[in-house]
Amino acid sequence: MSKAKSIMIQGTMSNAGKSLLAAGLCRIFAQDGYKVAPFKSQNMALNSFITEEGLEMGRAQVMQAEAAGIAPIAAMNPILLKPTTDMGSQVIVNGRVQGNMTAMEYYRNKQKYIPAILDAYHRLEDEYDIIVLEGAGSPAEINLKQDDIVNMGMAKMAKAPVLLAGDIDRGGVFAQLLGTLALLTEEEKAYIKGLIVNKFRGDKNILMPGIHMLEDMGKVPVLGIVPYLNVDIDDEDSLSERFSKRETIGLADIAVIRLPKISNFTDFNPFEGIEEVSLRYVSRPADLKEPDVIILPGSKSTIEDMMWLRETGMEAKIKRHASLGKIVIGVCGGYQMLGEVIHDPEGAEHQGSIAGMGLLPVETTFQSEKTRTRVQGMFHKVGGRLQGLTGVAFEGYEIHMGSTRRKQGSPLSFVAQMGDEGEKKADGTFRGNVYGTYIHGIFDEPKVVQEIISTILKEKGVDKAEDLVLDRKAYKEKQYDILAEGVRQNMDMEFIYKMIEKGM
C-alpha cells in the first residue's frame, strides 16, 4: 500500500484560521472520495477530548476528524500542551500525561518527542490517502525556529507542501504574508507553494491590485481569497470569538462563567443553535445580570479559579442565584467548586485545602493520576426543576485529576454511568436546583438541552418543547458542508490537487 500524500496549512499568526481551513480541506477530500485524516504535531489548548482508546487529544483535531468523517484518535495530535500557569503546561504525549513543565523545560526537551511525533504520523500515513497537517502560531518565530517541530520542522519531516494563510480581518495581511516569507530561509520558503488571504469581507475587485503585487513581490501564487465564513464549528482555544460576543437576552438566558483557566467550553455549544436561547460568557459580576441558568464550566486550575470567584465577588452572585431557586450546573472543575471543600494533598495544583461554595454535599481530593475515560449512561432520579431529565440517556467522557465523594445522606447520584464492561458507577449529585457532574458532552444529547430549555420556557408561559429538538450531529454535518463549499468555491482546488500529487 502506498504512503499517504500530504498538505499543510500554516498561518502568519495564531487564530489566522488554520484549523477551519484544514477542516474545510478534510471535508472536501472526503467528499471527493479520499480517506483523509488531520494531523497537528503540537497543539496548545485547554479544550481536550477523550478518544475511544481512553487517550487525550486536542479538540481542533477532533473537529477536523469529524469533518473528514472518521473517528478521532490520539495519533492525530501527538503532543498536547495544556497551560497550567502563565509559564508552564501539562505535557501530554500520544494521549498520556508526561507531567508539568515550565516553558523553558519543554523547549529544552521537545526534540526528544520527535520519535513519538513520527510514530503517530507514520501510523496515519499507512492508513489514509491524504493527511492534512496544521501548523501552530507562525513559522517565522525566529526565536523558536531552531527546534521547531510543528511548522517548517514538521513540514520537512512529512515532506509536506505548505499553504500559508494570512488573516485579512485583523488588518495588514500583505505585510503578514510578505513578512513571513522574508523571515524564512530559502529552504523553508521552497515549501510554501501557495498563499491564502483568509476571512475576507468586501469586494474582491478592490483587493486584486494588492494580490497581484503580493504575487510579484513574494514569488508565490495566491491560491485563495476565502471569505469570512459564518459557520458554527467548535473553536480551538480561548481566542474564541464566542467569548466576546454581545447578545441580547433571549427568552431563556444561560450564563457560563468565564473562568481565567476555563477548559472544554465547547461543552455548551449545543445551546447556541436555539433561537430562543442566549448563551453568554461572563467574566465580571456586573455582567451576570439575572440569568435563568448559571453554568460553572471545567477548569485547568480549579483551586486558582475558585479563589478568583471568591475575590471578584462572582461566588456571592452564584450563591445568591442558587438561593432564589434558580438553576446552577457545574461540570468537571465547576462541579468540584460547587462542593464543600477541595483538598490537594500532593500539590497537583496548589497544595493544601480550600473551601468550595458549599452548594453541593461533596468533597474533592486531587490525585496525581488523571481520570480519562469514555462513558455512557443515563440520568438517575433527578430532583428539583430538572427532574424531567430522569431516565434520559447520554454519552460523554471524563477528564479530571480529582475524585469527589458525596457526603453520607446526600441524594443518590443523578447520573448512572456505564463503562465498556457494563458496570455502573455513580457520578454527580444535586441539591435543590444545583447540579454537578464530571461528564463532558452530556449537552450533545438533544433531549438534555430540550428538557432544560423547555423547563425554563414553560415557567415563563411559553410551550415550545417540540420546536427545541435539535439533532446536533446532523447540524454539525451541515456546518461542515457549508465550510467545505466556502473553501472549495474560493480556493484553486485544481492547483491544490496537483500540488499534493507532486509533493516535495
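Which helices and strands each supply at least two residues of the lining of the second largest pocket? They are strand S4 (48–50), helix H2, strand S22 (393–406) and helix H13 (472–490). The close-up views below come from a predicted model, in which local features need pLDDT of at least 70, side-chain atom pairs count only at pLDDT 80 or more, and totals for chains, interfaces and linings use all residues. Residues are numbered from 1 along each chain as its sequence is written, and side-chain values use heavy atoms, with hydrogens and water left out.

**View 1. Lining of the second largest pocket.** The second largest pocket has a volume of about 880 Å³. Its lining comprises 32 residues, of which Glu-66, Arg-374, Glu-395, Asp-444 and Lys-476 are the closest to its centre. H13 gives the most to this lining, with five residues. By class, the lining holds eleven nonpolar, seven polar and 14 charged residues (Ala, Val, Leu, Ile, Met, Phe, Trp, Tyr, Cys and Pro count as nonpolar, Asp, Glu, Lys and Arg as charged, and the others, Gly among them, as polar). A pocket is an open set of points on a 1 Å grid over the protein atoms alone, where a 1.4 Å probe fits, with protein on both sides within 12 Å along at least five of seven lines; lining residues have an atom within 4 Å of a point.

**View 2. Packing of H1 (residues 18–31) on H2 (residues 59–68).** The helices pack at an angle of about 25°, with their axes 7 Å apart, and are therefore roughly parallel to each other (angles under 35 degrees count as roughly parallel, 65 to 115 as roughly perpendicular). H1 passes H2 in a right-handed crossing.

**View 3. Packing of H2 on H13.** An angle of about 85° separates the two helices, and their axes lie 10 Å apart; H2 is thus roughly perpendicular to H13. Met-63, Glu-66 and Ala-67 in H2 meet Lys-476, Glu-477 and Tyr-480 in H13. Three nonpolar, no polar and three charged residues form this contact.

**View 4. Crossing of H1 and H13.** The axes of H1 and H13 come within 8 Å and cross at roughly 95°, which makes H1 roughly perpendicular to H13. Contributors from H1 include Leu-21, Gly-24 and Ile-28, and those from H13 include Asp-481, Leu-483 and Val-487. The contact comprises nine nonpolar, two polar and four charged residues.

Notes: Axes fitted to C-alpha atoms, helices over the stretch in contact; angles between N-to-C directions. Helix = DSSP H or I, 4+ residues; strand = E, 2+ residues; numbered from the N terminus. Parallel < 35°, antiparallel > 145°, perpendicular 65-115°, else oblique. Left-handed = near helix turned anticlockwise from the far one by under 90°. Points joined across faces, edges and corners; volume = space filled by probe spheres on them. Contact = heavy atoms within 4.5 Å.
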